[in-house]
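Open your viewer and keep the selection tool ready.

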Amino acid sequence: VAEPGLHRQIVQDWLEFRAANPNGAVDINCCENDTAGLCICEKCLAWDVADPGQDFDNRVRQSHDNFAALPTNDFRWDPGLGSLSDRYARFYLAVQDLAREHDPDAIVMGYAYGNYRKPPVETKLNENIILGYVPGVRFPAAPDELQERREEWQGWSDAGARLLLRPNYFLYGHNMPYIFAEQFGREFSFCARNGMVGTDFDSLTAMWATQGPNLYMLGRLHATPESDPQAVLAEYYGGFGPAAEEVRAYFDYWAEQSKSIVPRLDGGWHEYVPIMHELWTQEMFAEGARLLASATEAAEGAGVFAERVEFLRLGLEHARLTAEVSRVFAEASGPGGVAQQFSAIARLNEFRKGLEDTNVANLVLLPWLEKRYWEVWPTEELEGREVISRLPMDWKLRWDPEEVGREQRWFDAGLDATDWADVRVDSAWEKQPVGAAWREANGKDFDGLAFYRVSFEAPEALRGRKVFLLFGAVDEGAAVWVNGEPVGEHPFVNPDDWTTPFAMEFTDVARFGETNTVVVEVSDRSGAGGVWKPVLLIAE
Ligand SMILES: [Zn+2]
């Protein structure tokens with residue numbers, strides 16, 4: 001960011017944009033997206049100012065040592081570099097200086113974010129620099145953290161910039177009862193009283209029934225920033241009429257629980273899914289339900305107030321069921337565990353169907369987050385069918401670059417495949433040792449035909465029922481044999497065929513009470529390839 005060529009390019013892009021959009025926005029965008037300051041070029045380092053307590057002259061080596069000590073795949077390079085706020089403040093000023101040659105009123109937009117969130121030590125800004133302040137931690141926060149945020153805000157304001165509040169608070173918590181309304185209200189009020197010219201909340205998740213007080217505080221304070229947060233909460237609870245006090249007690253309970261729950265989560269905002277049940281326990285849900293039952297009683301027969309309490313109850317039950325799925329996924333293991341997982345998801349999906357016309361929760365965001373951790377396959381293939389088991393995850397693979405596998409009957413049940421390579425069915429072959437070995441030997445990834453095979457048990461108890469193999473996905477096309485007999489093909493026809501589940505019946509060739517063999521000829525013409533999701537045994 002200290003490179004003059006970058007400043008010239010930003011201003012040139014801005015001039016071109018203005019010429020093409022005479023009525024468009026006139027501010028200059030200097031916001032880096034989603035990263036800390038990382039550069040260690042001479043020019044950038046020369047713009048830094050020592051951070052108190054930092055070994056300033058050795059900061060690059062310090063950062064390098066920190067980085068070397070990290071586990072792989074964790075690319076945090078910045079701890080050790082110290083605060084880079086003066087560097088970024090100078091960057092905003094440098095761009096502004098160039099822009100002023102064209103427009104004396106040019107406005108530069110930037111961030112106070114990551115390792116340049118603390119106020120600059122010596123660089124002074126001006127009111128035509130508007131910064132989005134992104135607080136470093138989430139709510140609930142300890143008193144010293146709250147104080148630190150206030151000092152950071154005040155410091156940037158004292159340095160002369162105008163400020164936007166641009167937090168990510170509302171991304172956290174999934175659909176759980178996660179309440180931080182009062183703390184948030186106090187912080188918002190502080191910013192409003194101390195030079196806030198705007199806000200940018202791009203992370204609203206709309207979990208109205210479980211996080212209502214947070215969202216009400218946000219909306220109300222945007223309309224009347226001078227309102228006292230306690231009065232805002234009283235107004236919100238007043239919306240429950242005769243149940244106001246009971247609803248307050250209910251949310252106070254969750255606000256108190258949130259104080260201990262949230263600090264236990266070290267990870268990012270989407271990392272709640274696999275551990276929700278540990279943070280929001282079934283005991284807490286039981287206590288929440290008990291408190292809400294008092295509200296239901298108080299609002300009984302009171303029309304809209306009773307409906308609103310019922311809205312909260314649906315949110316709580318939805319949260320409880322969601323946490324229950326996360327528990328089942330964490331605890332149910334082995335081939336039989338998958339049946340428990342699917343039925344837990346089926347219960348949740350059934351409940352969600354009833355929420356579709358409500359604002360209880362965001363039913364688009366939730367599955368999008370959950371499918372990173374849960375196998376949430378479309379239910380059509382499972383309609384009226386039962387998940388019996390998951391086939392093994394470790395299969396055998398043989399490349400077929402000459403396309404002779406069918407002719408040489410590599411699908412035969414009795415074939416000895418002990419010299420075939422190992423492969424798993426939870427990711428494409430390119431991401432596995434077998435794919436890396438091909439790449440090493442041939443200078444590129446394998447595209448073409450490959451045969452997968454594995455053995456599995458079909459329980460005697462299934463005799464008389466229709467049995468199927470449900471493939472999570474095969475990239476791109478598949479032909480399938482069971483016990484040496486063809487049972488179907490799933491060719492690559494539509495653009496998303498490589499990612500959709502499909503089922504194949506094998507009732508006529510099944511060996512109940514015995515070992516069965518499945519062989520898949522995978523056809524991959526470009527990009528990633530393979531059986532990349534698990535395969536289930538299901539029965540009708
Ligand atoms: Zn640099």
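The tour starts with how to read the model, then visits a metal site, a loop and a helix.

This is a predicted model, in which local features need pLDDT of at least 70, side-chain atom pairs count only at pLDDT 80 or more, and totals for chains, interfaces and linings use all residues. Residues are numbered from 1 along each chain as its sequence is written, and side-chain values use heavy atoms, with hydrogens and water left out.

**Stop 1: the zinc ion**

Select the zinc ion. Cys 39, Cys 41 and Cys 44 coordinate the zinc ion through their SG atoms, at 2.3 Å. Donors are N, O and S atoms within 2.8 Å of the metal (3.2 Å for Na, K and Ca); water is not among the atoms, so sites may look incomplete. Along the chain, the donors are spaced C-x1-C-x2-C.

Is Cys 44 buried or exposed? Cys 44 is buried, at 1% relative accessible area. Buried means under 20%, exposed over 50%, partly exposed in between (1.4 Å probe, protein chains only). Cys 41 is partly exposed, at 31%.

**Stop 2: Asn 126**

Now select Asn 126. Asn 126 sits in the loop between strand E2 (108–112) and strand E3 (129–133). Strands (E, at least two residues) and helices (H or I, at least four) are DSSP runs, numbered from the N terminus. Asn 126 is buried, at 19% relative accessibility. A polar atom of its side chain lies 2.9 Å from the backbone nitrogen of Asn 128.

**Stop 3: helix H7**

Finally, select residues 208–223, helix H7. Its buried residues include Pro 213, Asn 214 and Leu 215. The buried residues of H7 pack against helices H6, H8, H9 and H12, where contact means heavy atoms within 4.5 Å.

Note on methods
Polar contact = N/O pair within 3.5 Å; in protein donor to acceptor, adjacent residues only side chain to side chain. Expected span 1.5 Å × (residues − 1).
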